[in-house]
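Dear colleague,

I am passing on the structure below, together with notes on what turned up in it. Please read the notes alongside the model.

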Amino acid sequence: MARAKFFKPLLHRLCEGPVSIQITMADTLAEVELTDHNKLCLFRDGALNPLLQMLRNSDIDVKAAAVKALQNLSGVAQNGLRLIKEGAKESLFELLFCHSLSSSSSKLREQVARTVMHLAMSTTSSEASQEQISLVETEEDIFKLFSLISYSGPDMQETLLLTFLALCKSPTGSQIRNDLRQISAVKVLVQLCELDDLSVRAAAVKLLFRLTQDGDHTTFLDHVNKKCTANLVKIIETSKNEEEAAAAMGVISHLPRNLQISEHLLDSGALEVIFDCLNYNYTHAPHVKELIENAAEALSRFTVSTNPMWQKRVAEAGMIPVLVKLLSTGHPLAKLHAAVSLKQFSESSRNFSSPVKMGGVLGCCFGSPPANVCQIHGGVCSTESSFCLLEAGAVGPLVAVLGESDDLRVCEASLDAILTLIDGVQLQSGCKVLDEGGALVQMIKILNCSCTNELQEKMLGALQRIFRLVEYKTKYGKSAQMSLVDITQRGSSGAKSLAAKILVQLNVLNEQSTFF
């Protein structure tokens with residue numbers, strides 16, 4: 001109540017007093033400690049218009065007083081959005097880009113930058129999304145604002161980087177990220193990531209991570225060299241800022257997957273750092289979830305079946321059991337990336353499964369196979385030598401993810417890994433393992449659920465192969481029929497055709513059906 005009585009005369013003098021009094025009142029608003037509720041009430045009760053008039057005044061001292069007050073009041077999202085809607089951006093940008101400001105006015109420029117940062121942060125609110133409110137609308141604005149980073153001191157650099165970090169999360173974030181990549185922001189950010197100023201470096205790493213998230217890799221190829229990858233690895237190893245470490249790992253996970261960058265990462269010790277992260281060395285970090293998800297995605301670069309040397313290196317470091325554990329303990333994105341790596345490992349298993357050496361005097365004619373022959377691959381398997389999912393105990397966790405995940409991307413990644421077990425000549429032996437693990441039941445259940453066309457068609461393609469085997473057609477055909485009939489009515493054109501073909505296999509339709 002006392003604070004309310006204090007505000008009323010202050011607002012009266014701010015609105016109606018002479019310029020000298022207005023400056024004093026604005027200075028008071030800049031210096032007084034205010035709750036968010038106080039800030040909202042001040043704007044609601046009339047502080048906004050006189051402060052905007054002062055901001056547009058030709059006198060630099062009047063402008064400066066208004067900026068200081070607005071910096072304090074704009075920290076609430078609703079106030080920031082009102083300032084944008086009332087056109088404060090133009091006056092603030094004019095001050096920010098003004099070349100005639102003396103070096104002694106650097107403090108004013110920093111205050112303007114912090115106010116602009118507050119406005120940018122307000123655009124990440126739900127209200128901004130609903131009303132489609134944006135702070136910067138042209139590539140020219142983005143270029144001029146970002147260019148200031150290279151000509152500013154550390155405090156202002158950090159403020160501007162945080163401004164762009166907020167803008168990249170706004171409703172127009174996708175376009176802003178694209179514009180930043182077009183103006184070679186990546187080159188500047190890579191340089192800033194090498195600075196000794198830890199606050200600026202952390203902000204630069206986080207913004208660089210944002211720019212890698214859209215999959216536009218072409219703008220990174222010219223700037224991500226061996227020095228850059230080594231620096232990112234060093235940041236993860238040494239940073240005490242867990243969010244920065246998670247962002248640096250995120251950058252690594254999104255870098256172009258070409259041989260040169262992968263070799264740079266290996267030379268920089270990236271694999272060892274990824275292993276440490278996946279082994280929960282950062283358990284108490286607030287950003288452990290993002291760190292592990294990003295590390296799991298980064299690892300999948302080195303588990304591709306086209307490079308068995310990398311696969312062996314990862315497997316021999318004991319990472320396959322860690323990936324299997326992630327399927328049970330990880331968050332959805334960690335599970336997704338773990339399943340992707342396990343699928344890539346499994347694609348190589350048959351090639352690395354050791355041929356069985358038959359015992360007995362007369363060799364293979366009378367010898368009995370050893371007890372440790374893999375049910376699926378027909379040779380001697382192990383987790384580290386042949387990356388076998390069965391030996392790794394991965395089948396059960398993959399089936400669990402297939403049946404429990406609410407995220408269809410995770411479900412599809414799990415299915416992809418599971419289907420490697422029935423690839424090619426492994427159909428009979430793989431189906432037996434999948435049946436014992438409950439995978440076939442889960443696959444039929446998923447047909448009853450809402451899923452993407454791609455996932456449904458992939459599932460149907462698998463069932464079409466599985467039902468070639470009389471045993472499984474007899475066992476599961478009836479339970480799949482209703483879902484298959486429904487898909488022929490409501491599915492995509494590809495799904496309808498596949499479902500009809502399976503119904504022919506089950507003798508429910510004939511080959512002359514109109515579905516063909």
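**Salt bridges between helices**

At 24% relative accessibility, K458 counts as partly exposed, where buried means under 20% relative accessible area, exposed over 50% and partly exposed in between, with a 1.4 Å probe and protein chains only. This is a predicted model, in which local features need pLDDT of at least 70 and side-chain atom pairs count only at pLDDT 80 or more, while totals for chains, interfaces and linings use all residues. Residues are numbered from 1 along each chain as its sequence is written, and side-chain values use heavy atoms, with hydrogens and water left out.

The side chain of K458 meets that of D416 in a salt bridge, at 2.9 Å from N to O; the term stands for a side-chain nitrogen of Lys or Arg within 4 Å of a carboxyl oxygen of Asp or Glu. K458 lies in helix 29 and D416 in helix 26, so the pair ties together parts that are 42 residues apart in sequence. Helices here are DSSP runs (H or I, at least four residues), numbered from the N terminus, and strands would be runs of E of at least two. D416, at 23% relative accessibility, is likewise counted as partly exposed.

Over the whole structure, a search finds 20 salt bridges. In one of them E131 pairs with K85, the closest N and O atoms being 3.2 Å apart. Because E131 lies in helix 9 (residues 126–131) and K85 in helix 6 (residues 77–85), this pair ties together parts that are 46 residues apart in sequence. E131 is partly exposed at 40% relative accessibility, and K85 is partly exposed at 45%. These two residues also belong to a network of salt bridges that links K85, E127 and E131.

A further salt bridge joins R201 to E244, with the closest N and O atoms 2.7 Å apart. Here too the pair links distant parts of the chain, with R201 in helix 14 and E244 in helix 16 (residues 242–254), 43 residues apart. R201 is buried, with a relative accessible area of 12%, and E244 counts as buried at 1%.

Leaving aside residues up to four places away in sequence, K39 touches L34, N72, L73, V76 and N79, contact meaning heavy atoms within 4.5 Å.

**Helix packing**

The axes of helix 10 (residues 139–147) and helix 11 (residues 154–167) come within 10 Å and cross at roughly 150°, the axes being lines fitted to C-alpha atoms, for helices over the stretch in contact, and the angles running from 0 to 180 degrees between N-to-C directions. That crossing makes helix 10 roughly antiparallel to helix 11, on a scale where angles under 35 degrees count as roughly parallel, over 145 as roughly antiparallel, 65 to 115 as roughly perpendicular and the rest as oblique. I142, L145 and F146 of helix 10 make the contact with L160, T163 and F164 of helix 11.

Helix 10 and helix 11 are also among the elements that cover the buried residues of helix 12, as are helix 13 (185–192) and helix 14 (198–212). Those buried residues of helix 12 (residues 173–182) are G173, I176, R177, D179, L180 and R181. S184, in the loop between helix 12 and helix 13, has a phi near 65°, a positive value in a residue other than glycine, and is partly exposed at 37% relative accessibility.

Helix 27 (residues 427–436) is mostly covered, with 7 of its 10 residues buried, namely L427, S429, G430, C431, V433, L434 and D435. The cover over these residues includes helix 25 (395–404), helix 26 (408–419), helix 28 (439–447), helix 29 (453–466) and helix 30 (470–490). Just after helix 27, G438 takes a positive phi of about 80°.

**After helix 31**

N507 lies in the segment after helix 31 and has a positive phi near 65°; at 65% relative accessibility, N507 counts as exposed. N510 is found in that segment too, with helix 31 spanning 493–505, and is partly exposed, with a relative accessible area of 46%.

With best regards
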